[in-house]
Amino acid sequence: IRPPSAEKLRKLMAEQWPRKEMERSETAGIFLISWYDNNYPERLRHIKDPPLILYIKGKMPDFETSCSVVGTRRCTPYGFKTAERLGAALAEAGMTVISGGARGIDGAAHGGALSRGGITAAVLGTGVDVVWPPEHDQLFDNILKAGALISEYPLGRPGLPWRFPRRNRIIAALSKTLIVVESPMKGGSMITARLAME
């Protein structure tokens, strides 16, 4: 790694950041799963760049019966309705609906699953204690009643632009099936589709 990164790691270790982060997580009702743990999602182990740690807020879903639904934030009303109906149908079939918690298609898929009393999990590009977008605070609260918010990022991390495409590899890997509802050809959902095919 580059010298500035090494120096930052040295400083974090000197400040006992790992222990403090674990204590903060435990206090907030968030549990951490490491790549070495038995309950680490098996599909994630086999991707090119698996997250070393997952932060889970809520209940660990069953990823063996999951389907990922993704799409553009700037969706059409038709796309929104389609994602909502897919989320509902998957939930009725007993599937866990995985998406990214974003505006548009993601929110519609989560909402559709919840409308049928289903389980859904949002893989975030922020810390699990950060609500982004802010208007999804109620959605995230509803997800937590039976599902989970998941992230590889430490607590308090904001949603920087590069973090969202990076989390897409987790969304792609957590399910046997990925559905892209609506996306521009160069959108983040197409990256997720490519990662799923890989």
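Student: What should I know about the model itself?
Tutor: It is a predicted model: local features need pLDDT of at least 70, side-chain atom pairs count only at pLDDT 80 or more, and totals for chains, interfaces and linings use all residues. Residues are numbered from 1 along each chain as its sequence is written, and side-chain values use heavy atoms, with hydrogens and water left out.

Student: What share of the residues is buried?
Tutor: 42% of the 198 residues. Buried means under 20% relative accessible area, exposed over 50%, and partly exposed in between (1.4 Å probe, protein chains only).

Student: Take Glu21. Buried or exposed?
Tutor: Buried, because its relative accessibility is 3%.

Student: Which helix is Glu21 in?
Tutor: Helix α2, residues 17–27. Helices are DSSP runs (H or I, at least four residues), as are strands (E, at least two), numbered from the N terminus.

Student: And what does Glu21 touch?
Tutor: Tyr55, Pro154 and Leu155, leaving aside residues up to four places away in sequence. Contact means heavy atoms within 4.5 Å.

Student: Back to the whole fold. How many helices and strands?
Tutor: Eight helices and seven strands.

Student: What are the spans along the principal axes?
Tutor: The C-alpha trace covers about 55 × 35 × 30 Å.
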